[in-house]
Every structure is written in structure tokens, then in C-alpha cells.
Amino acid sequence: LLRPWTATDAAAVERAIAATGMTVLTDTRATASYYHLESDDMPDYGVPLLIAPDTRTYPKYDPEVLYQKLGEIWEGDQRLPFKQAPTLRSRHLYTRAHVEQVLRGRRTAVFKYNKEGYALLRFRDLSVAPAAVVFDDTVSLDDAGAYIQAGALSVPVCSDPADIARHDFDAVVFTCSLNFESEVPHVRALLEVATRRGLPVVSLYDDILYYDLFDGLEPDPALFWRVAVPEEDALARPGPETSGPSNVLGVFGTDTVQGKFTTQVYLREALAKHVRVRHHATEPTGVLLGADTGYSRVLRVEPAQRQAFERRLMAELAEGCDVVLTGGQNGLLYVPAGLGRRDNASTHIYETFLPRLVVLTVAVDTKPEDVLATREYLEGLAREHGVPCTVVGLAMMGGRKLLGSRWTETWFLGVRDEVLEGARQRMQEHTGLRVHAIPEEVDALAQSVLTHL
């Protein structure tokens with residue numbers, strides 16, 4: 001139920017469960033989709049692994065042990081082909097204008113079917129270069145829109161690298177770094193096709209030319225692009241010393257994988273019906289989907305230099321518009337290993353841009369006390385910087401995102417409508433903040449923002 005299922009997955013789960021010495025039963029009478037589940041006796045959050053001693057069902061496994069065993073079976077020892085001393089480097093882009101120069105009107109092959117790929121498919125109509133085909137090392141689907149409930153897209157997901165040369169595309173987008181050996185054949189085949197056809201290649205994260213996968217090929221560095229800010233741009237001139245523009249709206253999370261970026265895109269389009277909106281995306285997918293700027297990496301600069309660059313960038317975006325939208329990463333309460341809460345990415349983003357208005361994302365299982373703690377944390381940061389900060393509302397996606405066995409994977413879990421509605425009501429009662437269903441109530445969320453501008 002969490003992703004397109006394969007026989008390999010089933011065998012892996014059986015072996016992992018056997019290794020833990022557990023007996024497991026599942027209810028197979030369910031049908032599932034991203035937002036909705038239907039069954040005679042469906043538990044609130046899909047179909048977990050269960051034991052049924054009498055008429056009751058309850059979990060009977062240690063998730064950490066199970067995930068460890070699955071990881072050992074699926075991944076093993078990864079050997080990835082990176083060059084120790086690369087001589088070629090990709091060019092950099094991070095603005096919508098630049099992306100349009102490189103990709104406008106092209107039919108894109110996307111690797112792979114992960115959360116960044118989902119966004120490129122879900123908002124395909126906003127893309128400067130809509131996906132024509134998706135390649136993945138584990139998943140095959142007749143239509144990429146089916147699993148993510150994006151409707152019929154006529155975009156297949158193919159897992160056989162031998163099929164890559166048979167498809168019609170004239171640009172390549174890599175939505176992830178090279179992380180697993182099983183991805184290597186697909187990346188190599190795509191690079192071979194792109195190099196021989198002279199196609200532009202855009203990577204959201206890594207510099208593709210650092211991969212040791214070009215034997216027998218002569219790649220043209222002018223055709224390879226990485227979504228990142230180069231050092232020379234970041235150091236071009238200092239940023240403003242003031243607290244920044246007052247028309248910045250931030251979408252931040254109370255936890256991870258809650259749909260922060262998805263909420264940003266829906267909210268941007270809803271606000272654009274009424275006011276002039278600009279969008280600074282803090283993840284690279286955004287710049288391919290209509291954001292004015294978007295990236296996750298600023299190369300080879302110190303934190304203070306990055307902050308100065310980003311404050312200057314935000315000040316420039318804020319001129320001549322009514323609101324600039326941006327967002328966080330992970331959750332504001334997240335504590336990185338060996339560090340403190342003030343060191344998490346969302347706190348750095350907040351303290352860089354100091355948005356006066358904030359939308360918080362929540363999930364069906366978010367605790368109301370976490371929402372209150374997040375708001376209190378934000379208000380404390382705002383007081384330190386001497387700026388106002390108002391949480392205008394909460395946003396809740398229809399399903400529940402889950403992290404997969406691979407750290408790069410995100411899957412969807414359907415949740416019954418009555419469970420979602422009950423969670424929203426409880427959240428509103430405990431926090432005093434309206435919970436907006438996304439995307440169904442995004443226009444109402446936009447109106448809440450507009451009343452505070």
C-alpha cells in the first residue's frame with residue numbers, strides 16, 4: 001500500500017520477517033489510493049503487519065529490527081562510480097529565466113520516481129519542460145500519475161535500462177544523487193543517450209560530470225547543468241544589513257515529510273489569482289516548476305556569506321510584488337545529531353528571511369502540543385530578531401507521507417476521510433488555528449494570508 005509493489009519486495013519482506021522470528025498476518029481485502037482507503041475493517045493508517053490471536057489485531061514486531069533487515073537485503077555494500085579527480089564540471093543555474101533558456105519546450109526524461117519526481121509530475125502543467133517518461137531502478141507503471149493520484153498523465157515509469165534509448169525525449173533531469181548500485185545502469189544509459197544526441201542534462205543535486213560513467217563518450221560540459229548557486233554569484237556583493245522585507249510568507253513544518261513544498265506550490269497559484277507573487281524555493285525542484293529562484297546548495301562559501309547572498313536575493317525578489325513565498329526543510333523542532341535545534345535547516349532559513357507571516361504544515365498524526373511548541377519556538381526567534389511573526393493557519397495533506405527503506409525514498413499512505421476530519425477537528429480545538437485541507441481548501445488558506453498582508 002505504500003508504493004507500487006513488486007515480487008522482489010514481497011520476497012524481501014518475507015526474508016526480513018523470517019530473520020526476526022515473527023509470524024505475521026495481513027488483511028488483504030483492502031483497496032488503496034493516495035487519499036482514500038476502503039475496506040470492511042480497515043485500521044486508521046492502512047494495513048500494518050499484524051498478529052491476530054483471537055478476534056483482536058495488534059502490531060507484533062520491532063520496526064527498527066525489521067527496517068534494518070530490509071536494508072541489509074535490499075542494499076548491501078554499495079559501490080558507486082565517482083571520479084576521484086574530475087576534470088570537467090557542470091554549469092550552474094538557479095533562476096527561472098535561466099532554466100527556461102535551457103529547457104523551455106523540451107520533452108524531459110526524468111530519473112527517478114521519488115518525491116522530487118512526484119512534484120514534477122503532479123505539477124506537470126507548471127513545468128517549463130514537462131516529463132515525457134520517468135525511469136526508475138525499482139518501479140514500473142503504465143502511467144506515472146496513477147500512484148500519486150495526479151490523474152492520467154500518459155507518462156510511463158520504466159525500470160528496464162535497455163528501454164531508455166527507445167523513448168522519445170530531448171532533455172534529461174536527474175532528481176536525485178547517485179546513491180545505490182541498482183541505479184548505475186539507468187544513469188549510464190541515460191548519459192549515453194544524452195551525450196550521443198547532444199541533449200541538455202540537468203541535475204537537481206550532484207554534478208553529473210563527477211560520475212565515472214562516461215567511458216567511450218565525449219560529454220560536452222556546456223550541456224550539463226547543476227541546480228546550485230556558484231561561488232562567484234554568492235560573493236558578488238554583500239547583502240542588506242536590515243531585517244529584510246516585510247512581505248515574506250514562509251511555509252514551515254512541524255515535522256518531516258508533511259508536504260511543505262507541495263503546499264507552497266498550491267498556495268502560490270492560489271495567491272496569484274489576487275496579488276503579485278514571487279517564489280523562492282529552498283529545494284531545487286521549485287525552479288523547474290515556476291519558482292523565481294530555487295536551489296538547495298550554495299557552493300564553497302561560509303554560512304555568513306550564504307546568508308548575506310540569500311538576504312540580498314530575497315530583497316530583490318520582494319521589490320515590485322505583494323508577497324514573496326518561501327519555505328523550510330525538515331521540521332522546526334528537529335534536532336540534528338550532535339547539534340542543537342538552532343542548527344536545523346528550517347531555523348537557518350527562518351533566521352535568514354525572517355518571514356512576518358507563517359503557514360505551518362501538519363499531518364494526520366501530528367500532536368497538537370508539537371504545533372504549539374513550534375509556534376512558541378517561532379515567536380521566540382522573532383522576538384530575538386525584533387520582528388513580528390504571525391502563524392496564519394495550518395495546512396494538512398490528504399494522505400500521510402512516509403520515509404521508505406532507502407533514505408531517498410518517500411511513499412504515500414492513504415488515510416480514511418473520517419480519520420482526517422477527526423484529526424483536523426482535534427487540531428483546531430487544541431491550537432485555535434484553522435486546519436486547511438490541501439489542495440481542497442487552498443483558496444481559503446490564501447484568503448487567510450491575504451487578510452494579514
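1. Basis. The model is predicted, and local features need pLDDT of at least 70, side-chain atom pairs count only at pLDDT 80 or more, and totals for chains, interfaces and linings use all residues. Residues are numbered from 1 along each chain as its sequence is written, and side-chain values use heavy atoms, with hydrogens and water left out.

2. Main core. The largest nonpolar core has 47 residues. Such a core is a set of buried Ala, Val, Leu, Ile, Met, Phe, Trp, Tyr and Cys residues joined through side-chain atoms within 4.5 Å; buried means under 20% relative accessible area, exposed over 50%, and partly exposed in between (1.4 Å probe, protein chains only). Leu103, Tyr113, Leu121, Tyr147, Leu288 and Tyr295 have the most contacts inside this core. Among the elements that each supply at least two of its residues are helix H3 (96-103), helix H4 (115-122), strand E5 (131-135), helix H7 (260-271) and strand E17 (410-413). H4 gives the largest share, four residues. Helices (H or I, at least four residues) and strands (E, at least two) are DSSP runs, numbered from the N terminus.

3. Leucine 121. Leaving aside neighbours within four places in sequence, leucine 121 is in contact with Tyr113, Ala131, Val134, Ala144, Ile148, Leu153 and Val155. Contact here means heavy atoms within 4.5 Å.

4. Apart from the core of 47 residues lies another, of 34 residues, which includes Leu317, Leu332, Ala382 and Val419.

5. Strand E13. Five of the five residues of E13 (residues 323-327) are buried, so this strand is largely enclosed by the rest of the structure. Val323, Leu325 and Gly327 point one way, while Val324 and Thr326 point the other way. In a regular strand the side chains alternate between the two faces of the sheet.

6. Partners of E13. Strand E10 (residues 248-253) runs parallel to E13 and is joined to it by four bridges; strand E11 (residues 277-281) is also parallel to E13, with three bridges. Two strands pair if DSSP finds at least two bridges between them. Leucine 325 in E13 stands opposite leucine 249 and also opposite histidine 279.

7. Serine 127. This residue is found in the loop between H4 and E5 and counts as buried at 11% relative accessibility. Not counting residues up to four places away in sequence, serine 127 touches Leu288 and Leu289. The C-alpha atoms of serine 127 and leucine 289 are separated by 4.6 Å, although the two are 162 residues apart along the chain. A polar atom of the serine 127 side chain lies 3.1 Å from the backbone nitrogen of alanine 129.

8. Glutamate 183. The loop between E7 and helix H5 (184-197) holds glutamate 183, which is buried at 0% relative accessibility. Its side chain reaches the backbone nitrogen of asparagine 179 at 2.9 Å. Beyond four places in sequence, glutamate 183 touches Phe111, Lys112, Asp137, Ser177, Leu178 and Arg406.

9. Helix H12. Val442, Leu445, Ala446, Ser448, Val449 and Leu450 are buried in H12 (residues 442-450). The buried residues of H12 pack against E10, H7, strand E14 (357-362), strand E15 (390-397) and strand E18 (435-438).

10. Cysteines. A search of the whole structure finds zero disulfides, a disulfide being a pair of cysteine sulfur atoms within 2.5 Å. Cysteine 176 is buried at a relative accessible area of 8%, and cysteine 389 is buried at 15%.

How values were computed: Polar contact = N/O pair within 3.5 Å; in protein donor to acceptor, adjacent residues only side chain to side chain.
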